[in-house]
Amino acid sequence: MAEVKEKIIEIFFTLCGLMAVVVLVGIFSLLVKEGFPALKTIGFSGFFNGDLWRPDAFGKPTYGLWPAIEGTLVTTAIAMCISIPLGVGTSVYLAYLAGNRTREILKPVFELLASIPSVVIGFLGLVATGPLIAKLTGRSNGLNALNGGILLCLMSLPTIISVSEDALQALPRDFWRGSLALGATRFRTVMKVMIPAAKGGIFAAVMLGMGRAVGETMTVLMATGNVGSFPSGILSSVKTLTATIASELGEVPFGSEHYHALFVVGAALFIFTFIINLAGELVIGRKR
């Protein structure tokens, strides 16, 4: 009887894993199916050699993806440059420096940040960080890549902090005690022993945070200016892949060239996030 139960449980979990694969393949197949008419009429060169996204232009519309791809990369890079040192530093503080009561208070607070709706973060960019950036830089408005990157940092921080702190807490305490017993300071122990020992988990946390930043929609839609051309710097208005889909899909005629082109954008975003996750898995596998 026990063997039958174990077999049923094994089959159940196998089906769950297969279902996840089937769902992912189905989503990608749908994107390819709906985007193929646009690829057929516009061609790969029209999407990946174009430098302007202007589907409503008079004359011949242009569907260049590179401005949106670069906008996504710029905002994500800004978010990661801020959130990685801040998130890892906070996780080290919670794991090794904060008292038990302080940790019990702060960790739920950081995790609650993940529950804030993205539209609320977007409003924060409109009324707080955006005007502040405009005032500090002397520009007419602060709806740019820097504003979007700062807000994406707020959204990715809870993931980085929580997963990194769990990875550090999972290490044997003998690492910490042994390093201190050999005469190392607490700072040197953290930098030379604990963080290198937990680098696999920390890297996983960073990749999860990056995935959150790449896939975010409402925040960048509200806070980056939505200009479909190449950014000239972090203070330029940008339009990301997710914002392009969200702002245009509800208004285009069903079955039009523009409609199918947005599914190509979705497929590009799917492939982009898949590459990020695959790279993360490969690096984590090597670290293990």
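A: The lining of the largest cavity divides into 3 nonpolar, 2 polar and 1 charged residues. Here Ala, Val, Leu, Ile, Met, Phe, Trp, Tyr, Cys and Pro count as nonpolar, Asp, Glu, Lys and Arg as charged, and the others, Gly among them, as polar. The model is predicted: local features need pLDDT of at least 70, side-chain atom pairs need 80 or more, and totals for chains, interfaces and linings use all residues. Residues are numbered from 1 along each chain as its sequence is written, and side-chain values use heavy atoms, without hydrogens and water.

The lining consists of Trp53, Gly64, Leu65, Ala68, Lys239 and Thr244. The space inside is about 30 Å³, and the structure holds 1 cavity of 30 Å³ or more. On a 1 Å grid over the protein atoms alone, a 1.4 Å probe fits in a cavity but cannot get out; a pocket is an open set of points with protein on both sides within 12 Å along at least five of seven lines, and lining residues have an atom within 4 Å of a point. A volume is the space filled by probe spheres set on the points, which are joined across faces, edges and corners.

The largest pocket has a volume of about 320 Å³. Of its 17 lining residues, Phe48, Val264, Ala267, Ala268 and Ile271 lie nearest the centre. By class, this lining has 15 nonpolar, 2 polar and no charged residues. At least two residues come from each of α1 (2-48), α2 (66-97) and α11 (257-287), which are helices (DSSP runs of H or I, at least four residues, numbered from the N terminus). Helix α1 gives the most to the pocket lining, with 7 residues.
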